[in-house]
There are 2 protein chains.
Amino acid sequence: MRELNLADLDDMALGATLLGAGGGGDPYIGRLMAVQAIETYGAVQIVEPSELDPDGLVVTVAGIGAPTVLIEKPPAGPEFVGAALALAKYLGKEPVAIMPIEVGGLNTLIPLAAAAEMGLPVIDADSMRRAFPQIEMTTFTLAGITASPMSMVDINGNVVIISTTTNQVAEKLARALMIEMGMGAGISLYSMSVAEVAKHGIQGSMSYCVDLGRKLSAVQRGEHGAFDKFLDFAEGKRVFSGKIIDLDRRTTAGFARGTVVIEHLEDPTRIMRIEIQNEFLMAFEDGKPIITTPDLICILDHENAGPITTETLAFGQRVDVVGLPCAPEWHQPGMLELVGPRVFGYDAEYRSIKGRNA
Amino acid sequence: MRELNLADLDDMALGATLLGAGGGGDPYIGRLMAVQAIETYGAVQIVEPSELDPDGLVVTVAGIGAPTVLIEKPPAGPEFVGAALALAKYLGKEPVAIMPIEVGGLNTLIPLAAAAEMGLPVIDADSMRRAFPQIEMTTFTLAGITASPMSMVDINGNVVIISTTTNQVAEKLARALMIEMGMGAGISLYSMSVAEVAKHGIQGSMSYCVDLGRKLSAVQRGEHGAFDKFLDFAEGKRVFSGKIIDLDRRTTAGFARGTVVIEHLEDPTRIMRIEIQNEFLMAFEDGKPIITTPDLICILDHENAGPITTETLAFGQRVDVVGLPCAPEWHQPGMLELVGPRVFGYDAEYRSIKGRNA
């Protein structure tokens, strides 16, 4: 067990922006919420599953919405604790800990704010260690753990409890409700025992996020050799350095979709195309897939190594495209059918970034 | 208390078609479901609130969907009992009776089928005594009774419990879910005590429906003076006799919408235009509103007095347009803000059909 301090939160927000893979909502909004909640309710403890009663109840807390809307309408706050309380009430059991569903983007930090207010620790684990656009895209789904019963609460206090036969249906119903709830809502789902978290969660993902942010922060401070150390730590690769020459973004059916086209800085005949569905999902060069989901595509500012999200992309930006391998827990039967390229409509094979030459 | 017999069901289905005001889904599908349930589980008792414990729990059962979809995909059945059981489970209390939310269209008979299977009586009351396209359009809403907690169950066994701050939000969320649930689902809502039904329901609406069907049946058999007796019973008016010369129907945002244009049989310069949103809502002649919601617009076949629904409308049909006054319980503060013409987007005043010259 260890207490989060403010420096941790800064690194976590930076790491979460990177793990957001361009999406997942702005972690700095979540950082503000977490700081405010910690100042009001006291510090949050980060714990390992082994520190808790194996039979204790754990619930995840997250926001659901399109990132493009979040910018204009940040989450209010009560909907997240509201969601956790509604689910606990429905289950008739008090949770012993809160857990993020995705460590990547805004949903990394929202659980901290909710946990502070509820006086509960946060488990150092999640089910993505990146952001994904749909709630069934978790290692929990691969383990057969149901997302439902799932609660959904909006800022006006409307509460919905969803119990579905599959996590895919839970996503479909939640997405439709989210649109009617003003394009954003708090959700609490994947309730399970501490023992199940230990078995099926991605362990240490909160700590990983803080460490990753710290490494990137060293790059941003211009420390010697920091970029290589950052890539070494994450086992990542810089695959492209270029200038953004085309950009198309649109919000459809509750998702932010788009395409970004990058021309190589040194060889303008080389073109990289990156496809967006809330997150950067596929990077192609000359029609050939270079980074493929579930591996992470990160776009960094070429000058200051600041992560660029789908909303902060702009014409003319000079950027580095970095591929990070997904958490090793993803590599199990069913991964490609749940989060592989074809799930998102791309006719391409998954090709791991790990162990490849840059 | 009285037992429903098969003749009652025939008259009820005919009366429910009329009270459907062109929409509400085909009551003959509901009649089949009711007959089948009664043959399997035994007869259904129709009761007055005074015959039950005033503190007993009553829940309504209904289907939600666009009528145009119902034709191609009739409801399966388990979703209705499923909805009632899910709500009872959520409330932690057993209901003493089932009640229709709307006596008009398919939802008149669905509660009978559910009640037979559950071994419960059906209360001779409802909250519309006609069909309306949205679930908040009830006398219960006028009385401040909340539609939620509301259950929603699809044929695959997905269950949603909705608790909203207003009945309008319940409608919005349920409509969005319905689309994702394959354009149809069972719902159970407006749970209340028997005493509340006695105070705020439209009393005797099931019996009224049977009686109305019986009067129309006499017209269809060609009994002398039957049409006048039918109009006298319902305090209705025949306002137009004509031929359908134009017809536009479309399904948008979970509703069946459209317009039907009728040319007068004797004076082709007279044109009636009827506007549809699941039901016939407004009848205009020369731009002047003739029958206005919440009064009922019924279109009858000119030759055989068969009620014509929005789905069975056809070019060239010779029809009578009949206006029936809405149930007297509607006439209370808030009616026009809930079910008046402007709610549906028509810039016209409500003008009661009652007491007007034909």
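1. Symmetry of the two copies. In this predicted model, chain A can be laid on chain B with an RMSD of 0.0 Å by a turn of 180° and a shift of 0.0 Å along the axis; the superposition is by least squares on the C-alpha atoms of residues with pLDDT of at least 70 in both copies. The two copies are therefore related as by a two-fold rotation axis. In chain A, the C-alpha nearest this axis belongs to A:Ile161, at 2.5 Å. Both copies use the same surface, since 100% of the contact residues of chain A recur in chain B.

2. Contacts between the chains. The contact involves 17 residues of chain A and 17 residues of chain B, where contact requires C-beta atoms, placed from the backbone, within 7 Å. On the side of chain A that touches chain B, strand E8 (159-163) and helix H7 (167-180) each supply at least two residues. H7(A) gives the most, with seven residues. Helices (H or I, at least four residues) and strands (E, at least two) are DSSP runs, numbered from the N terminus.

3. Composition. The residues of chain A on this side comprise nine nonpolar, six polar and two charged. Here Ala, Val, Leu, Ile, Met, Phe, Trp, Tyr, Cys and Pro count as nonpolar, Asp, Glu, Lys and Arg as charged, and the others, Gly among them, as polar.

4. Conventions. Residues are numbered from 1 along each chain as its sequence is written, while chains are lettered from A and ligands numbered from 1 in the order in which they are written. Local features need pLDDT of at least 70 and side-chain atom pairs count only at pLDDT 80 or more, whereas totals for chains, interfaces and linings use all residues.

Key. Two residues are in contact if their C-beta atoms, placed from the backbone, lie within 7 Å.
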